[in-house]
Each structure stands twice: as C-alpha cells, then as structure tokens.
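Hi,

Here is the model I said I'd pass on. Have a look, and my notes follow below.

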Amino acid sequence: MRHVDLCSGIGGFALGFEQANLSTPVMFCDIEPWCRNILKQHWNNVPIKSDVKELANDPDNLVPDCDILTAGYPCQPFSQAGRREGAQDDRHIWPYILKIITSKRPSWVVLENVYGHISLGLDQVLLDLETKGYATRTFVVPASSVGAPHRRDRVWIVGYTEDNGRDGRTEATGREGSQDKQDESRPEVRGKSSGPSTHVADTNHQRLQGRLSGWQDTQRQGVDGHAGCSSATHRQPEQNWWTTEPDVGRVANGIPKRVDRLKGLGNAIVPQIAQQIAESIKVVENAKRC
C-alpha cells in the first residue's frame, strides 16, 4: 500500500508499517529540521515536505495518491501539560490534515495523539471523519502494552472507508448532488465501512486468533463517559521483543544534538504499536481479496 505520513516525527508509523509489510512510504512531512534529517537518513528516496499547511493549499497536486494516511498531529492544543486551547491554539492543524484526507481519499486513516485529546477535540475529529464517509474506532493504547518500560497512554484513531480513491471523491466532497443526497447515503456508507473495520478492534475475532495467540491479555479499565473510546487491553508478549531504549538522559554530556534527540523521542510514536495496527489492517485487506 502507498503510505503518506504527515507530522512524521522520526518515522515511527513508517517503521511499524514496514515491519508489518503493510506499506511503503511515498511522502513524509514534518516541520522540524532535525526530524527531516533523520527521515532522509533512513528513507533517502522518499520526498520529505516541511509544512502540512502548504500541502493543504493544493493537496491534489502536492500530495501523492495513497492507500493509507497517518498523522501524529501536534498534541499541544490538547495536552494536560499545556494551556489546552484546542482549536484556538496556533498549533492546531487538524483542519489542514482533514482537507488533505478529503482530497486524496485514502482507504485507511490512522492518527495518534495524547490522552488529553479524549476530553478536548476528539469528538470533532471523529465527526469530521464520519462526515467524510469514514467509519472510525478509537483506542487508548499505552507503550507498556508492547513491553516498553514506561506507560505513556496515547489515543489511536483508525478510520476506514470502502469508498476510497479518486472515484469516490465526488460523492464524498459533495461536488455533485445535493446535501440531502449525502445525508441519505451516509448511514449506508457507515454500515458498509463498519463491517470489516470492526475486526481491527475485535481481538477475539476468528481472523485474529492465530496472530494474537502468543499474547497474554489483562483487561485494563476503559475510559468512562466517552462513546468514541474503546477500553484498551494490556497485552504482554511471551518473548521480549522490546529493545532497551538508549539512555539519552536529561543531564547527559557529550551527546550530539541532545535537545533535538529528546524532543524527537518525546514526540515519537511507538513503532511496535503501529506495527500491531498494521497487522490488523492487513487482516481486513486480505479478507477483501478473498
């Protein structure tokens, strides 16, 4: 699958998806020069852009066609550590990402943000995606669920549509037909999309049993009072597949670009979680071909 990665950071989505043999990146975009240098080092043949807002000005021509689009968009508008200004924050770029999604119509959209997004902004993101014909599921998955030595709860959003590609763009964006026609068709689109996409969340589904048989599940308390959020499950692998993180240290001396490294690691997603999401997407895609 062709993968466009926005707000790429140091490439966690691309790394996890490649490890699952799901996709190949066809474009990165990140505003931080240090992150772009890291991306260039590891994917030197993939175009790397610097500003999502510029891409959103003309996504038809500036963004390549893709089957899957990912974005770990800025968390500062929603984080408990900040002012939580939401849409009023200058760093709130979700509307630009949505514009790109609307233009390119990837089959899959996978997004990541901080836990504080649940109480601020998540409802709007889910509404925007469903308005464009995407069935969505949300998960709270901590880094510790894949054996990392830290908790780090994060919200993961998976969106799916069968009405993908340039053929479906006209109906989805309303370039032809009335708004009433879109409203009539929307429940049908959701119904079609919700079928296969539910397997992504259902770890007990028969198609996933063999894949997840090596995991021991312990139920984690879900997020109450939010219909969009599914209760997450801690899974510990039987084998230790987590490589110990390098000890960067906040007071370490002699490490080149220490501040950039700390910022890059702090903003990065956990590739092992992205890999598990990619494995579930592969199950759905393989089922479609049968």
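Is Ser-8 buried or exposed? At 6% relative accessibility, Ser-8 counts as buried (buried is under 20% relative accessible area, exposed over 50% and partly exposed in between, with a 1.4 Å probe and protein chains only).

Some housekeeping: this is a predicted model, where local features need pLDDT of at least 70, side-chain atom pairs count only at pLDDT 80 or more, and totals for chains, interfaces and linings use all residues. Residues are numbered from 1 along each chain as its sequence is written, and side-chain values use heavy atoms, with hydrogens and water left out.

Back to Ser-8: you'll find this residue in the loop between strand S1 (2-6) and helix H1 (12-19) (helices are DSSP runs of H or I with at least four residues, strands are E runs of at least two, numbered from the N terminus). A polar atom of the Ser-8 side chain sits 2.6 Å from the backbone oxygen of Asp-5. Leaving out residues up to four places away in sequence, Ser-8 touches Phe-28, Cys-29, Asp-30 and Leu-39 (contact means heavy atoms within 4.5 Å).

Next, the loop between strand S4 (68-71) and helix H5 (94-104), which holds Ala-81. Ala-81 is exposed, at 77% relative accessible area, and its C-alpha lies 9.1 Å from that of Gly-116, 35 residues away in sequence. Arg-84 is in the loop between S4 and H5 too, but is partly exposed at 25%. Although not a glycine, Arg-84 has a positive phi of about 55 degrees.

Arg-105, also not a glycine, has a positive phi of about 50 degrees. Arg-105 belongs to the loop between H5 and strand S5 (108-114) and is buried, with 1% relative accessibility.

Cheers

Conventions
A polar contact is a pair of N or O atoms within 3.5 Å; within protein, one must be able to donate a hydrogen and the other to accept it, and residues adjacent in sequence count only if both atoms are side-chain atoms.
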